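Student: I am new to this structure and would be grateful for a close look at one part of it. Please begin with the strands, and then proceed from there to the other parts in a connected account.

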Amino acid sequence: DNDVRIIIGQFDENLASKVFCCAFNLNMFGSKYQWIIPGWYQGNWWEQANSTNCTTSKLLTAMEGYIAVDFEPLSARQIKGISGRTPKEYEREYRRELQQKGVEASKFHGFAYDGIWVIAKTLTRVMELLRTKQRHENHNFTVDDREVGRMVLDVMNETNFNGVTGQVMFRNGERMGTIKFNQFQDGHEVKVGEYNAIADILDLINNSIKFQGVEPPKDRTFVRLQRRHISVPLYSILSTITILGMLMAGAFLFFNIKNRNHRMIKMSSPYMNNLIILGGMLSYASIFLFGLDGGFVSDKEFETLCTVRTWILIVGYTTAFGAMFAKTWRVHAIFKNVKMKKKIIKDQKLLIIVGGMLLIDLCILICWQIVDPLKRTVEEYSLEADPQGRDIAIRPFLEHCENTHMTIWLGIVYAYKGLLMLFGCFLAWETRNVSIPALNDSKYIGMSVYNVGIMCIIGAAVSFLTRDQPNVQFCIVALVIIFCSTITLCLVFVPKFITMRTNPDAATQNRRLKFTQNQKKEDSKTSTSVTSVNQANTSRLDGLQTDNHRLRMKITELDKELEEVTMQLQDTPEKTPYTKQNHYPDANNILSIRNFTDGKDGEKSILKNHLEQKPQAQWGSVDPSRINRGPLEDINSPEHIQRRLSLQLPILHHAYLPSIGGVDASCTSPNDSPGSSPRHRHMPPSYRVMVSGL
């Protein structure tokens, strides 16, 4: 229970068998344990003194490797001692005497032999001391037993000679000799070394001692702390992907700055686009910091990293999505202007909005840092076995960035970011019908918010569940940041890049806004710009469109009736001294002015060129084919056409002049006098060309 690994036992043979049987049952043997017991047991004692329920094989298994400690009976140094014999010569003589007398050998015979010599040497020395003392005093004297005993002890402590058991000397009344060490190997004891207590020298026989493990057993279980760190190959791979993402963001930044004066990029707020890219790059940069742990930096630097990486990620997120939502808010503010007032929202105001969002972030982060800063905490896990089989235990530990009220601060940050995402979703939904690709990114904002929201929820949950696995946690966090940043930047800039590569003018050719109400789509012509757009609300626009369509139909009917009445009034051809040669195509073009006004700008220029390229009218020439025609056949004569145009042109002027880019016929230009004629009012160039041609 106390994790004792090296056990010194002082017991006899009978108790030794019980101890080793218990050790076998408790698995307290093998490479992790070392038993040290007395060495004076009789040979094969485990068979003679086995009174346990353990078999001999179990006892031998538990006993394997024990070390027996005993004194050396005879010295291994073959030098002549005080008796004039070497230890081997003494042993041969001792064995011969035993055989002659039939006496059983004693294990301590060498010590007994040296002990007799100690007594003899001691008594001889004490007698010499007494004689010397008597000569100095020159008279008879007596000594008591206590004084003689003290003299004997003093002389014995001074004893020092070589005996058959080795060097003989005493320290504090005890014999200082040689200790031998035997190890139990494969069923028998083997001498592995000896210790000379006088010289304090341990002499081990080379390669004789054998341990069951790769090294001697430890006196306790050593616990080695092992940091669970992020794998270097994994960190390298994710860092490479992050660098590629930052290079992509840099390419988008270069594209945005280079084409900042292009109408499409200018309408999409290039400054806000730069902020979106900056926020994405900050988010990318936080990945490098999330991969650093105590294996790369010191403990103090790790605490600093805890704060820095949190600040960078939060500020980068707010910068990117704040700029994106600020752009959408401007579109919402302009197109939802129900009062029809001219509104100018400059980029400076959008920068103030983004700055306000960042200010809220800074307030939260500063309060967090002051009140309850992030600190390095160490979480230790249960002991694990050494994977290499060594006699140590591994205690894994993991470093975290935490504080006392971590849940509260994370809740505040998540709540603020969630409200920001909801606000962005609201703006994207409100501006979904604005169909100016260069101005409105609501579709891509909605996709970005959806992807970012889903990935953040999944990433946060999985990251919390894998907090004890740093490699998995770092991989998930890094991939979520990379995916969210990349998908956001691509949704914002890739469509613009593709549009400019395939059709640079496609984004600005169609400047009409389309609104959908109750699944009905109607076209409405309006002038658009970044700084000023005038548009009525949806309900009022539907009413105006309905009235416009009704009035146009009525004008068409009136034109038909007018033409019929004019034709009926021409009962007889009116003789005129002049005719216009080859003007029927011109008249037909003029009569089809409705198609001209409803066409595109390109059609206007074609008709204008057609009229300008006509030769000058040759008045006075008469078409011979018309001389003998009757009244009905001459209904389309130039004079009839001229009369009809004199009645239709004012009507056409009032009805279609606003549609082809001119001013309202009911309005008076600032340069006209109140009494001026309508024909002197401002007309578009194409309209003046047609009138002059007529």
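Tutor: In this predicted model, six strands make up an open sheet of mixed pairing, in the order E1-E2-E3-E7-E8-E9.

Strand E2 (residues 34–38) and strand E3 (residues 67–71) run parallel and are joined by three bridges. One of the residues involved is Ile-37, whose bridge partner in E3 is Ala-68. Strand E8 (residues 188–196), by contrast, pairs with E9 in the antiparallel sense, over four bridges. Here Gly-193 has Leu-204 of E9 as its bridge partner. E8 and E9 form a hairpin with four residues between them. In the turn of that hairpin, Asp-200 has a positive phi of about 55°.

There is also an open sheet of three strands, ordered E4-E5-E6 and paired antiparallel. Its edge strands are strand E4 (160–163) and strand E6 (174–176), each of which pairs on one side only. Neighbouring strands of this sheet are turned by 35° against each other on average, with direction ignored. E4 is joined by four bridges to strand E5 (residues 166–171), and the two run antiparallel. Phe-161 stands opposite Val-168 in E5.

The aromatic rings come next. When two rings count as a pair if their centres lie within 6.5 Å, the model has 19 aromatic pairs. One of them is formed by Phe-24 and Phe-29, which are stacked, with 5.5 Å from centre to centre and 10° between the planes. Phe-24 has a relative accessibility of 23%, so this residue counts as partly exposed. Phe-252 and Phe-493 make another stacked pair, because their ring centres are 5.4 Å apart and their planes lie at 15°. Phe-252 belongs to helix H7 (residues 232–258) and Phe-493 to helix H14 (residues 470–502), so this pair ties together parts that are 241 residues apart in sequence. Phe-252 and Phe-493 are both buried.

Further aromatic residues gather in one cluster, made of Phe-20, Trp-35, Tyr-41, Trp-45, Trp-46, Tyr-66 and Phe-184. Charged side chains also meet rings. Lys-107 lies over the face of Phe-71, at 5.9 Å from the ring centre. The charged end of Arg-228 sits over the ring of Tyr-381, 4.4 Å from its centre.

H7 has 27 residues, and from its first C-alpha to its last it reaches 38 Å, close to the 39 Å expected at 1.5 Å a residue. Its buried residues include Tyr-235, Leu-238, Thr-242, Gly-245, Ala-249, Phe-252 and Phe-255. The buried residues of H7 pack against helix H8 (263–267), helix H9 (270–290) and H14.

Ile-265, which lies in helix H8, illustrates this region. Its relative accessible area is 0%, so Ile-265 is buried. Apart from residues up to four places away in sequence, Ile-265 touches Phe-255, Asn-256, Asn-259, Arg-260, Pro-270, Lys-496 and Met-500. The C-alpha atoms of Ile-265 and Lys-496 are separated by 7.8 Å, although the two residues are 231 residues apart along the chain.

Neighbours within four places in sequence aside, Thr-466 is in contact with Val-472, Gln-473 and Ile-476. Between the C-alpha atoms of Thr-466 and Ile-476, ten residues apart along the chain, the separation is 9.4 Å.

Methods. Residues numbered from 1 in each chain as written. Predicted model: local features only at pLDDT ≥ 70, side-chain atom pairs only at ≥ 80, totals over all residues. Heavy atoms only, no water. Phe/Tyr/Trp six-rings, centres within 6.5 Å; stacked < 30°, edge-to-face > 60°. Buried < 20%, exposed > 50% of the residue type's maximum accessible area, 1.4 Å probe, protein only. Lys NZ or Arg CZ within 6 Å of the ring centre and 35° of its normal. Pairing = 2+ DSSP bridges. Axes fitted to C-alpha atoms, helices over the stretch in contact; angles between N-to-C directions. Expected span 1.5 Å × (residues − 1). Contact = heavy atoms within 4.5 Å.
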